[in-house]
Amino acid sequence: MRHIISILIENEAGALSRVSGLFSARGYNIESLTVAPTEDASLSRITIVSIGSDDIIEQITKQLNKLIDVVKVVDLSESAHIERELMLIKVRATGQDREEMKRISDIFRGRIIDVTESTYVIELTGNTVKLDSFIKAIDTALILETVRTGVCGIGRGDRVLKV
């Protein structure tokens with residue numbers, strides 16, 4: 001099962017390395033990882049997407065809580081949450097493909113943010129399924145380059161990850 005783990009951690013050198021090291025030392029794969037400071041400059045928030053059974057994720061959560069830099073750990077997948085990912089995709093856009101790329105981009109609510117004579121760079125945000133669906137909807141021969149941020153997630157309603 002896919003889990004989104006959100007970690008509040010002290011914003012110090014080596015903290016991310018210790019978290020990722022915990023995963024690799026136990027043979028768990030990180031599907032995506034995002035990190036950025038929070039509104040409190042002394043804290044950062046790490047969002048990790050990993051695949052594993054509930055028991056494995058529970059074990060990971062317990063191990064993360066033992067790390068000295070970790071302030072709080074939450075598995076967002078346990079309840080209602082919002083997740084988003086950003087993708088920039090450069091596509092070949094010449095002749096008939098040019099109008100088709102614009103049409104597909106509009107269908108997926110993407111924005112064309114760079115235009116040249118032969119390419120478009122399209123920006124899309126949404127959940128992983130939406131971004132994967134966009135890639136499947138276009139001819140893969142037209143894709144020149146793809147960059148994705150990884151998942152960012154936040155709990156819905158009153159659920160807050162704070163100290």
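Q: Which residue does Lys62 form a salt bridge with?
A: Glu58, with the closest N and O atoms 3.3 Å apart. A salt bridge here is a side-chain nitrogen of Lys or Arg within 4 Å of a carboxyl oxygen of Asp or Glu. Keep in mind that this is a predicted model, where local features need pLDDT of at least 70, side-chain atom pairs count only at pLDDT 80 or more, and totals for chains, interfaces and linings use all residues. Residues are numbered from 1 along each chain as its sequence is written, and side-chain values use heavy atoms, with hydrogens and water left out.

Q: How far apart are Lys62 and Glu58 in helix H2?
A: Four residues, so about one helical turn separates Lys62 and Glu58. Helices (H or I, at least four residues) and strands (E, at least two) are DSSP runs, numbered from the N terminus.

Q: And are they buried or exposed?
A: In between: Lys62 is partly exposed with a relative accessible area of 48%, and Glu58 is partly exposed at 42%. Buried means under 20% relative accessible area, exposed over 50%, and partly exposed in between (1.4 Å probe, protein chains only).

Q: How many salt bridges are in the whole structure?
A: A search finds nine. One of them joins the side chains of Glu83 and Arg2, at 2.8 Å from N to O. Glu83 is in strand E5 (residues 81-92) and Arg2 in strand E1 (residues 2-10), so this pair ties together parts 81 residues apart in sequence.

Q: What about burial for that pair?
A: Glu83 counts as buried at 13% relative accessibility, while Arg2 counts as partly exposed at 33%.

Q: Which residue does Glu123 meet in a salt bridge?
A: Arg111, again side chain to side chain, at 2.8 Å from N to O. Glu123 belongs to strand E7 (residues 119-126) and Arg111 to strand E6, twelve residues apart, and the pair links distant parts of the chain. Glu123 is partly exposed, at 22% relative accessibility.

Q: Which residues are linked in a network of salt bridges?
A: Glu85, Asp132 and Arg148.

Q: Switching topic: where is Arg109?
A: In the loop between helix H3 (96-107) and strand E6 (111-115). Arg109 has a positive phi of about 60°, although it isn't a glycine. Most residues other than glycine have a negative phi. Arg109 is also exposed, with a relative accessible area of 73%.

Q: Back to helices: at what angle do H1 and H2 cross?
A: Roughly 145°, with the axes of H1 (residues 15-25) and H2 (residues 54-66) coming within 11 Å. Axes are lines fitted to C-alpha atoms, for helices over the stretch in contact, and angles run from 0 to 180 degrees between N-to-C directions.

Q: Which residues make the contact?
A: Val19, Leu22 and Phe23 of H1, and Ile60, Gln63 and Leu64 of H2. Contact means heavy atoms within 4.5 Å.

Q: How many helices and strands does the chain have?
A: Four helices and nine strands. From the N terminus on, the order is β-α-β-β-α-β-β-α-β-β-α-β-β.

Q: How much of the chain is buried?
A: Of its 163 residues, 37% count as buried.

Q: What share of the contacts join residues at least 24 apart?
A: 73%, among contacts between residues at least 6 apart in sequence.
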